[in-house]
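Please look over the sequence and the 3D view before reading on. The report goes through the model one region at a time.

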Amino acid sequence: MKKSRLFLLVAIVLVSALALTACGGGSNTDSGENGDQPKTTVLKAGHTLAPDHPYNDGMLKFAELVEQKTNGQIKIDVYPAAQLGSEREAIEGVQMGTIDITLVSTAPLAGFSDAFLALDLPFIFKDRTHAYKVLDGEIGQDMLSKLDGTGLIGINFWENGFRNLTNGERPVVVPEDAKGLKVRTMENQIHMDSFRAIGADPTPMAFGELFTALQQKTVDGQENPLPIIWTSKFFEVQEHLALTGHFYAAVPLLINEKLFNSFSPEVQQAILEAAEEARDFERNIIKEMDESLLGDLKEAGMQVTEPDKAVWEEAMKSVYDKYESKIGTDLIQKIKQAAN
Ligand code: EAX
């Protein structure tokens, strides 16, 4: 989160939360032994990925830092592997307060807010540096602020990464090779239209159902970054990997708005600072895995192709025409210009 938004957010709560004397909200709140100790609040945080995916490392780091920075006032229990529901269910849960925190790709958020649509356009980001410049800068912070009032606070963006196409049928190099493939996508119209543009048959599905669908060949393929292909063991049920890098999946860290606003200004600042450190920690692990996993995936039997990304970008670009008016030409231009 940009420092200016961080301090603006904290400044606003300083004024509005002066009357608050202690943490509120969350679950399993208990006071100290003799009652005059600050209460300990235990929060529930969920995500959909495997315990050995960087989402989990990042969430555990976040929990450790929040506990440290609040002197034990806030503890966070982390639930991986969709134990608290799919990403759509987790977003609803955080909105309602049945879940306190979640980490989701922007794609399923399209069902709740248009704020992030631009981020799911094919080839919108040139590389990580470009993505971080946009996400951690004014554009990304403005997108997150559009969640305010929806029951969600978007704290900052973590990373899922550049998504690659896998399938169980045939090698894919040029877009035509994917024609007719039944490809599982996230529940996002831009993702689905991007695969329709190349003649594939997109099937939206919650992540938790995907491994079985691939195993049972209900779908031919899927698309995800290498760390997910590895930690969710998709190499066991997908022979072909095409390094298309067609979408970049940014990952907002979401917290229940009422809960966050119930905390003292000091606790809020501690949470915001911990989220910044945990984000950088998580992004670094994703980057390291992205750079090291290709050999492991080949060793695990995947046949890897390296398509010409410019050809895929050209083949998917019609989705820009379809969504430009909804997203805003200026915003798309601003994002693309940030690459320079
Ligand atoms: O956000 O659904 C997906 O393919 C996502 O990459 C996953 O849920 C992590």
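This is a predicted model: local features need pLDDT of at least 70, side-chain atom pairs count only at pLDDT 80 or more; totals for chains, interfaces and linings use all residues.

## The ligand and its surroundings

An N or O atom in the side chain of Ser 105 is 2.6 Å from an oxygen atom of the ligand. For the side chain of Asn 224, the corresponding distance to a ligand oxygen atom is 2.7 Å, and for the side chain of Asn 160 it is 2.8 Å.

## Helices H5 and H11

Helix H5, which covers residues 128-135, and helix H11, which covers residues 265-299, have axes that come within 13 Å and cross at roughly 160 degrees. Because angles over 145 degrees count as roughly antiparallel, H5 is roughly antiparallel to H11. The crossing in which H5 passes H11 is right-handed.

On the H5 side, Arg 128, Tyr 132 and Leu 135 take part in the contact, and they meet Arg 283, Ile 286, Lys 287 and Asp 290 of H11. Sorted by class, the residues of this contact between H5 and H11 are three nonpolar and four charged, with no polar ones.

## Helices H6 and H14

Helix H6 (residues 138-145) packs with helix H14 (residues 329-337) at an angle of about 140 degrees, and their axes are 10 Å apart. This angle makes H6 oblique to H14.

Where the two helices touch, Glu 138, Ile 139 and Met 143 of H6 meet Leu 331, Lys 334 and Ile 335 of H14. The contact of H6 with H14 has four nonpolar residues and two charged ones, while no polar residue belongs to it.

## Helices H13 and H14

Helix H14 also packs with helix H13 (residues 318-327), at an angle of about 105 degrees and with the axes 6 Å apart. The two helices, H13 and H14, are therefore roughly perpendicular to each other.

From H13, the contact draws on Tyr 320, Glu 324 and Ile 327, and from H14 on Thr 329, Leu 331, Ile 332 and Lys 336. The residues of this contact between H13 and H14 divide into four nonpolar, one polar and two charged.

Note on methods:
Residues are numbered from 1 along each chain as its sequence is written. Side-chain values use heavy atoms; hydrogens and water are left out. Axes are lines fitted to C-alpha atoms, for helices over the stretch in contact, and angles run from 0 to 180 degrees between N-to-C directions. Helices (H or I, at least four residues) and strands (E, at least two) are DSSP runs, numbered from the N terminus. Angles under 35 degrees count as roughly parallel, over 145 as roughly antiparallel, 65 to 115 as roughly perpendicular and the rest as oblique. A crossing is left-handed if the near helix is turned anticlockwise from the far one by less than a right angle, and right-handed if clockwise. Contact means heavy atoms within 4.5 Å. Ala, Val, Leu, Ile, Met, Phe, Trp, Tyr, Cys and Pro count as nonpolar, Asp, Glu, Lys and Arg as charged, and the others, Gly among them, as polar. A polar contact is a pair of N or O atoms within 3.5 Å; within protein, one must be able to donate a hydrogen and the other to accept it, and residues adjacent in sequence count only if both atoms are side-chain atoms.
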